[in-house]
Each structure stands twice: as structure tokens, then as C-alpha cells.
Amino acid sequence: MVWKVRVFSELYTAVEPYKSTYIVAVVENENGERRVVRVSSRYFGRLKPGVEGEIREEWTVFGTVPVFIPRLEEKLRKVVLVTGGSRGIGAAIALEFAKHGFDVVVADVVQDAETEKTLEALRSFNVNAYFVYMDVSKSESVHKGVEEAVKQAGRIDVLVNNAGVTRDAYLERMREEDWDTVLNINLKGAFLCSKAVLPVMKRIGGGVIVNISSIVGILGNIGQVNYAASKAGMIGLTKTLAKELAPYGIRVVAIAPGFAKTRMALAVPQGILQEYMRRIPIPRLVEPEEIAKLVYHVVENEAINGIVIPIDLGTTISSPIA
Amino acid sequence: MKSTAHNQEVAVIGAYSTKYEARSSKEAYEIIGEVASGVLKTVDKGISPEEIDLIIVSNYSDSFGNVLHTAPLVAEHIGNLGATGFRVENACASGGTAVYLAWKLLSSGLSRNALVVGFEKMSSQGFTSKVNEILMRTAGPEEYRVGAPFMALYALIAQEYMQRYGATEEDLALVAVKNHENATRNPLAQLQKKITVEDVLKSPYIAKPLKLFDASPLSDGAVALLLSSTPRRYTDTPVYIRGISLKHDHPSVHKRSDMAALEAARLAAEEAYRMSGLTARDMDLFEVHDAFTIAEIILYEMLGLAARGEGYKLVREGVTSFSGSHPVNPSGGLKAKGHPIGATGVGMVAEVYWQLRGEAGARQVNGAEVGLVENHGGTGGTSVVIILAR
């Protein structure tokens, strides 16, 4: 039977015990019969009086609920925003999403030949690719960047907090500014970006935030007290936001890569890198593409939430030599 | 008149209210005790506890205050365990229902003097989402099943109304602005703070098209009233119940033939006007159930102040403002005075009682002699209308 939307209300506050937001609608059929139904929050901003659809009884642990499935023709273009997306792991993640039909916003503090190359590669997958300037450590810059991203791409379904830097030194030699720089970009940046995209994701009825943490945030690493603290901080951020934002249909997940084949890792003196490799079960570097595939997977797999997934060739199970 | 069974004239002879607050430092049983003892002292010529033979307590949920079995508690507080008492619940109309029942028992001669106590301590729930879950239980079963909180159901009513009659979100905002302005003159009000239309429009959507500032707050508070069938023994200026009615509608919004109406309120008003021989034009003030701004606009129409589909024009034109020809919610209403559910209807009657006795201080409506209370439950499944006069 065909039902038509008469009136509806988008809920922006979570309802217990369902811990979710959705649309409540009154629909009617041609005999003038009316029913009250629930509509998925993914139709936020797209439902209108008169839209036709059908009702399905959906089983939930809280009881069976009549759910209205609108017949909406328009195809959604999903959008991912990757901070630090110009190069390295960020660029690999951006490409993985483009491969799967996502429009991509690359947010970065640099826009150079490498950025252009990344954007070009993204567009070769027949998706829209945009660049926005963003210094993730500055609230104003993040807001401007997100605003610009929404202006260009229309929405943000996925945020990847990938931008990160290192300023390695032993504690005795570590300068306060090295601590501040790393914490501000890696941790505060993830906080500011999450905060800035929240209203956007609420408005479209959900989303996913993926935080690129590090194995170092779980294990610690000599000479990286700032970096390890920032990456451990991202784990706390992930677990807290996963709880806070779940009612809005937003999942938050952290990925903790081991040493990956990027400029950042290759800057580590070779002797140290080799010594490190000898301690892990599979002695090689993680490929950025492998990390990108995992990020895409956690976005697509809607059961993954609030956890830290190491992608580390077995680093977390390795036995210490020293 | 149809009410031949009701021989006794019933009047309010005393009223006492706590200030409505977001978070009272007192336990529910303490505020119940405060108002129960307090109201006895407000009777002009005095009343002894033994003269009170009926106690009715109004409370929406024991989840708001963590207390049940409150009638003997009240009896103990006033020092008369010989009184007969019980609790009533009719969603947000629990208070109006308690007054209705007291009137019924007094006017029929079954009781002589009634103590009505309404209370709610909503802050005993830590999370707003949990509060919503508790409130949602008043919805019709189908609406409860889809998980439609109060605000979503009022949003459906609002959308139906706005689509049909062309009212705007700004019109709804004007109700909030008016009632906040009124609350600045009421020391008992929870939100004694002026707001602007822009403040309302900028507040976040909770259930589109309704925003945070379209909703009444969550409140703690208690109110007590004394009603008597021999009022002149206790005061020379009683406030009589001249008309009273309690009516129902479908508890589910989607089952109503007109989703943009509050039919129970219309029917209750019609009966109360008939009983009193008065009309909307005769009322000096109205205290109505503006749990959400849209409700006040629709109530203008249900209570006969405006024609169907034209309620929103009254607030645009200032007709219902404090200085307008028909002040509505001079107390600040649920929107700004607050909405401690079980106390709300009782508090509305207390407010009109003070207004008609000229005791309303800065918010006094000059020369008020007749006033109307409308208190409804759920999304309008129950409505109580009470017309009071000196």
C-alpha cells in the first residue's frame, strides 16, 4: 500500500531508550487512514509533505516499530573530509574513499604540487575533490575550513582526523614548544575538527569520525612523550565521543597504525628503525594503503564504534627484547 | 442548568506556592510539607486541620520526586490523620483534575473542605533523555511505540497548523517572548528573564519546527489550595468556581480528525462557559497550558478568543500581552513561570485566585474579577477548564 507523508518532525535530541534520533511522521493512504511512523535520520532535510513510500514493521529489542521507507529518487553524494590529506596516509585514505565513490575534501596547511597531484588522482575516479585550507590547531581556521567544505561539497559524512606531526626528543631535551606544537596539532586538532563537524553531521542525521591515532599511543615510545601523549589522548577522545555522539547516529573510531611507510617514519634513523622492526612479528612497515582500507572498512561497517583498532603487523603482541 | 446535583457553591479560600525552580534543594516530601502547612496559614479567618476532610494530591510520576503514597504524608503534615485522601494522575492535567475532583465532591456535599496539593520534582532525574522517556508515556500507544517524545508530537501539531493557516516560527517565538516578559514580574517564576524573538529563533531545533525556546522548562515546585463548600466561614473574599469541565480527546495526535486543534479544550471551555453564563469576552485574564508555544496559539481559538486559524494574529497584535485587552498567562505561563507537572494546574488556579483578590503584586491585572484556567494533559488528551470569579 502507498502511504503519503502528511506532517513530520525531525528530532534533534536523542530519545531513551532508543539512543537515536529519527523523524516522526504521520502518513496517510488514499482512504484517508492515518498512521504514525518512524523514518530514519538519514532522510533529515530530504523529507517533504506528500512524499510517498511504504511502511515496514521493523523488529528492535525495544519492540516492533512501523518504519516508513520514502521513495526518494535523488542519489546522495557522500563526502569525506581528510585533514592532512595532501600526502602520506591522508592522501591514501582520500584515494580509498574516492575509489568507492565518495566526494573528497582535502584539508591541509600546505597546498603544493603534491596536493595538486593528490587532487588530480582523486578526480580520476570521477568524484569531486576539493581543497580547503585548514590549520587544525586554530579554532577559527577549522571553522572556516569546515564552512568552506560544506559550501563546496554540501555535507560531511565522514571526518578523518589524520593531520599530525612529530617533534621527537628525550624528556630532558624536549622543549615546551615541541610539546605544545604536537599536542595542539594532533590532539587539539582532532577535538576542534570533531566539534566543528558535529552540527553538520547532526543536520544530516549521522556520520563517522575516524581518528588516526598510533600504536605509540597504546605502548609508549622513547623520545616521543609528546607524540605518544597526543595519540593516547586521541584514544580517550574517541571513546568519549563514541558515547556522547552515538545518539545522533555518529560513530567514532580510532585506528592505531604501527610504523608506516611514510616520510614521518622514514625520518627515523635507519639503525633505530631496523632495531624496532626486529622486535615485531612481521618485520616490515605498514603500507598507507593498508591503513586506508581499514579506515574505509570501519566507516562502512556500522557495528564498529568506540574502539581502537591497531594495524601494526603484530606490534602489540610482540615480546620486549630490552 | 444541567448541574442540579451540584448544590453547594464551591470556592477557593487559600493558596500557597513554592517558587518554581530548575533544581530545588529540598526533597519532594519536604516541599509537599511546606505547601500543605503553608496554605492553612493563608486562610483569612483561619481554618483548623480537623475541618479538612478531603485531601487530593496531584503528581505526574513518582520518577519525579521518588515518592508515592503521599496523601497520608499530607494528612500527617497538617495534623489530621482523620481526613480522607488519595493521589490523582492525568498527565500534565493532574493538577486541574485534582481541583475538578475536589469541586465535584464538595459541590455534591460529600465533603466540606478540601486540601489540594500538587507537586513535581523533575530534577530528581539526572538526564533530559530519561525525562523525555518518562514524559513519553503519556502519548497514545502507537505514538509511544514509534518513540515520539512530547515535543515531536507538538511539532506535528505545529506543522499541521502552520501548513494550513500560514503561521510562522516567528509567531511561535512571540508567545515565548511575551510569557518571558510576564515572568519578570512574577517572583515565583523560574525564568525571570526577558528574551527576544531572535533569541528564540536562534535556539536549536529539538523537534523541527519547535526549538528549545518554544518549550517550557523542567521544573521543581509545589502548590496547595484550600477549597470549601462553606467559604464565607473562612474568608470574606472567596474566589468561586463558576464553571468547570474536564473533557477528553484521542490521546494520539494522528487519530484526531483535526490534528491542528485541541478539541478537549474546546469542549471543556464550551461547557464551563455555559455553566458560568459567561463568554471569553468576559474574562479579565487567562492562565493556559503553554507547555509549547504552539499550544497557546491554538488555545486562543479553542477558548473562543480568536476565530479558527487566526490565533497567531492575537499575539502579533499584542491582544494577549500583559497590557493587552485579554492578558494570557500574566504569570509567565508554563513557558517561563515553569512546569512542575503535578503542581501546574493547581498553580494556575492559585494564580487566578491571587489575581481576583488583587494580591498579584507587580503582575496584577487591574480590576480583574473573572479569570479562566486551561490545563491539559499529554498533547491534549485531557483538558480541564475552570472559570473563577469573585
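Reader: Which residues of chain A does the UniProt annotation "domain: Ketoreductase" cover?

Author: That annotation, from an unreviewed entry, covers residues 78-258 of chain A. The chain is 51% helix and 19% strand over residues 78-258 of chain A, with its end C-alpha atoms 29 Å apart. Helices (H or I, at least four residues) and strands (E, at least two) are DSSP runs, numbered from the N terminus.

Reader: What kind of model is this?

Author: This is a predicted model, in which local features need pLDDT of at least 70 and side-chain atom pairs count only at pLDDT 80 or more, while totals for chains, interfaces and linings use all residues. Residues are numbered from 1 along each chain as its sequence is written, and chains are lettered from A and ligands numbered from 1 in the order in which they are written.

Reader: What ipTM and pTM does the predictor give the complex, and what is the mean pLDDT of chain B?

Author: The complex receives an ipTM of 0.92 and a pTM of 0.91. For chain B the mean pLDDT (the predictor's confidence in each residue, from 0 to 100) is 96, and 98% of its residues reach 70 or more. Residues 1-5 of chain B have pLDDT below 50, and this stretch has three contacts in the model beyond near neighbours in sequence. Two residues are in contact if their C-beta atoms, placed from the backbone, lie within 7 Å.

Reader: Back to chain A: into which domains is it divided?

Author: Chain A has domain 1 (3-70) and domain 2 (79-317), with bounds from an automatic or database domain assignment. Taken over C-alpha atoms, the centres of domain 1 of chain A and domain 2 of chain A are 36 Å apart. Nine residues of domain 1 of chain A contact nine residues of domain 2 of chain A.

Reader: How many residues does each chain bring to the contact between chain A and chain B?

Author: Chain B contributes 24 residues and chain A contributes 22 residues. On the side of chain B that touches chain A, α6(B) gives the most, with six residues. By class, that side of chain B has 10 nonpolar, seven polar and seven charged residues. Ala, Val, Leu, Ile, Met, Phe, Trp, Tyr, Cys and Pro count as nonpolar, Asp, Glu, Lys and Arg as charged, and the others, Gly among them, as polar.

Reader: And within chain B, at what angle do helices α3 and α13 cross?

Author: The axes of α3 (residues 94-107) of chain B and α13 (residues 341-356) of chain B cross at roughly 55° and come within 5 Å. α3(B) is therefore oblique to α13(B). Axes are lines fitted to C-alpha atoms, for helices over the stretch in contact, and angles run from 0 to 180 degrees between N-to-C directions. Angles under 35 degrees count as roughly parallel, over 145 as roughly antiparallel, 65 to 115 as roughly perpendicular and the rest as oblique. The residues of this contact of α3(B) with α13(B) are six nonpolar, seven polar and no charged.

Reader: Which residues does a cis peptide bond join?

Author: The cis bond joins B:K208 and B:P209, with omega about 5°. B:P209 is placed in the loop between β5 and β6 (210-211) of chain B.

Reader: Where in chain A does A:K19 lie?

Author: A:K19 is in the loop between β1 (3-10) and β2 (22-28) of chain A. Although A:K19 is not a glycine, its phi is positive, at about 50°.

Conventions
UniProt positions are given in the numbering used here, feature names are shortened, and annotations may be inferred rather than shown by experiment.
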